[in-house]
Amino acid sequence: MMGAAGVASGDSVYVDDVFSTHLYVGTSSAGHVITNGIDLDGEGGAVWVKNRGATDHHLITNEAGKFLTPSSDEAEFTNTGFISSFNSNGFTLGQGVRGSNNGDGQVSWTFRKAPGFFDVVTYTGNQTTRTIAHNLGSVPGMVVVKKTSGSGSWEVYHRSTGNEKTLRLNSSNAQAGTTAWNDTTPTSTHFTLSSSTDVNETGSTYIAYIFAHDDQSFGTDGDESIIKCGSYTGNGSATGPTIDLGFEPQWVILKPSSGSGHWQVYDTMRGWTDGGKDKLLYANLTASEDDTNTDMIKPFSTGFQLTANFTGNSSGVTYIYMAIRRPHKTPGAGTEVFNTHTVTDGGTNYWTPGFAPDFLIETKRNTSAQRVFASRMTGNSMHMMSDSTAAETGGSNNYFEWDSPTGQMKQSYFQGSADYLRYTFKRAPGFMDVVTYKGDGSSNRQISHNLDAVPELLIVKQRDATREWAVYSAATGVGKFLKLRENVALTTQSGLFDTAPTSSIFTVETNTYVNINSGNYIAYLFATLPGISKVGSYTGTGNAINVDCGFTNGARFVLIKRADVGGDWDVMDSVRGIAIGNDKHIALNVTTAEGTSSDFIDPLNAGFTVSAAAPNDINQSGGTYIFLAIA
């Protein structure tokens, strides 16, 4: 069992290795390969597919060519035209209609077999009390059993409803009494069946999907949980129950257990946001994706919270859930987490970052334009400008399409004939994180984050009011802050960042820039990740300065701000050109067009060289400068 998870060889196992939400557009042609990084061929597992834009059944398969539909009680059927093979890094689609309709947006959720996460077991019924062995290696949190040889309901055991109750994945009914589990709680090696024909009819074949709960054997040190199964009671309030998972989720399925209601599925790839539209699918229905709901369920750094807009928050009703952690594997190269995109004279609004971006900075190059900040966490429409104190805006416009993991991304905020500049960032341990939180106006307010490193650059903005951007830099220390919107010097002031952040929290005080009561905030966190990013400082000399960032092929992105006196937040990148001679640059705090008349920095394999010819914003003798560089 340990070998299946990769632990026997000493390798750490991450949620990235065993679960994926992958979005794609169907082609109705054979050989459409879905590459999601999950080894289904060697390890085994299951794939769950749904057409997002059409009324059609969900499909689940653990063996290419054989399918079940959780939105019905149908028997297993065979069709190699849907998914034709399991691969070492994903799966291949056939040319069948389901799961690959030409031009239709599809979602696939892939679960790899792994101790502590997921297992699949098949058996033949004998209508006698018995135990069924599994390889989960820990006590299951949820077990889903389906007859494959004939029609029959999807029987669901959940740790929160107990061994005398069952739910049905293909039904909206409330929990009901059952003897299916023989009144016996599953163990780390077996689950128990009675003689009930629902789960153990003589001669019928069955499949069981077995999900773990809180097995803390994942991550770099093998001490993190990636899946939890639990319950909560709704309160019907705008401030709904807060579910503390101990991790930030990327996927959740939930259902009322004490009353009727559908199985609701959310994930951060399709759109599960704080304040934006939450895109919803129902596991027990053929309905297309519902994308009309705003701010129903909020993911945050250590769990999720319900709101009054949510049908999963009826007062007094008990709900069960299963939640899966967001990706938490440390990147191996800068290209996995950062990319630059430029467009000449309008061009296309589509581009391929090479990863699923979480944060975007965008502007025009050759004309005055605002510096747009947008994030997956806040959805397809909401955005702010680093050159403005204005609140977040967006409304019903879908300016930014985040819902493609390795394919194209689209923006429609800027239109027309112009040259555009875009920076895309992916959240990753040690590199950067995005956190949303609600202020409470209290001192020493601790906010959890998932950077898994001490933040060295922290940018905070209130989203729902006109407010300054406040910046903390480790190089300048606590009790001080900079304003991203202005070129002013470092301000010494308590009430913002009076306590140094840690690898799990940052602390804000009572200043309205960072913590007004009931205010909605967003924070962007950056750290030094060897070989990928460097947050640091240097002192100007007026001569050339080699800034060693620990890179091998130079910096692709450099942000520099003078801290001791006024200076712009200047940005250079290798796509527009970091070269000996004049550099193309923009400033985040102004709307002016791209500058081209100064030599700011020069190339250096280890990082970048501050030019001797640079202006005072970049290199004046005795000046103090902070920077962020990305390889």
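**Close-up 1. Burial of Phe-425 in the predicted model.** Phe-425 has a relative accessibility of 1% and therefore counts as buried (under 20% relative accessible area, 1.4 Å probe, protein chains only). The model is predicted: local features require pLDDT of at least 70 and side-chain atom pairs pLDDT 80 or more, while totals for chains, interfaces and linings use all residues. Residues are numbered from 1 along each chain as its sequence is written, and side-chain values use heavy atoms, with hydrogens and water left out. Phe-425 belongs to strand β34 (residues 420–425), strands being DSSP runs of E, at least two residues, numbered from the N terminus. Beyond residues up to four places away in sequence, Phe-425 touches Phe-338, Phe-355, Phe-431 and Phe-526, among others (contact: heavy atoms within 4.5 Å).

**Close-up 2. The largest nonpolar core.** This core has 56 residues, and Phe-111, Phe-117, Tyr-209 and Trp-251 have the most contacts inside it. A nonpolar core is a set of buried Ala, Val, Leu, Ile, Met, Phe, Trp, Tyr and Cys residues joined through side-chain atoms within 4.5 Å. Strand β17 (residues 205–212) gives the most to the core, with 7 residues. Another core, of 35 residues, lies apart from it and includes Phe-431 and Trp-469.

**Close-up 3. The aromatic pair of Trp-154 and Tyr-209.** The two rings are stacked, 6.3 Å centre to centre with 10° between the planes (pairing: ring centres within 6.5 Å, with the six-membered ring used for Trp; stacked: planes under 30 degrees apart). Trp-154 lies in the loop between β12 (140–147) and β13 (155–158) and Tyr-209 in strand β17, so the pair ties together parts 55 residues apart in sequence. Both residues are buried.

Terms used
Buried means under 20% relative accessible area, exposed over 50%, partly exposed in between (1.4 Å probe, protein chains only). Helices (H or I, at least four residues) and strands (E, at least two) are DSSP runs, numbered from the N terminus. Rings of Phe, Tyr and Trp (its six-membered ring) pair if their centres lie within 6.5 Å; planes under 30 degrees apart count as stacked, over 60 as edge-to-face and the rest as tilted.
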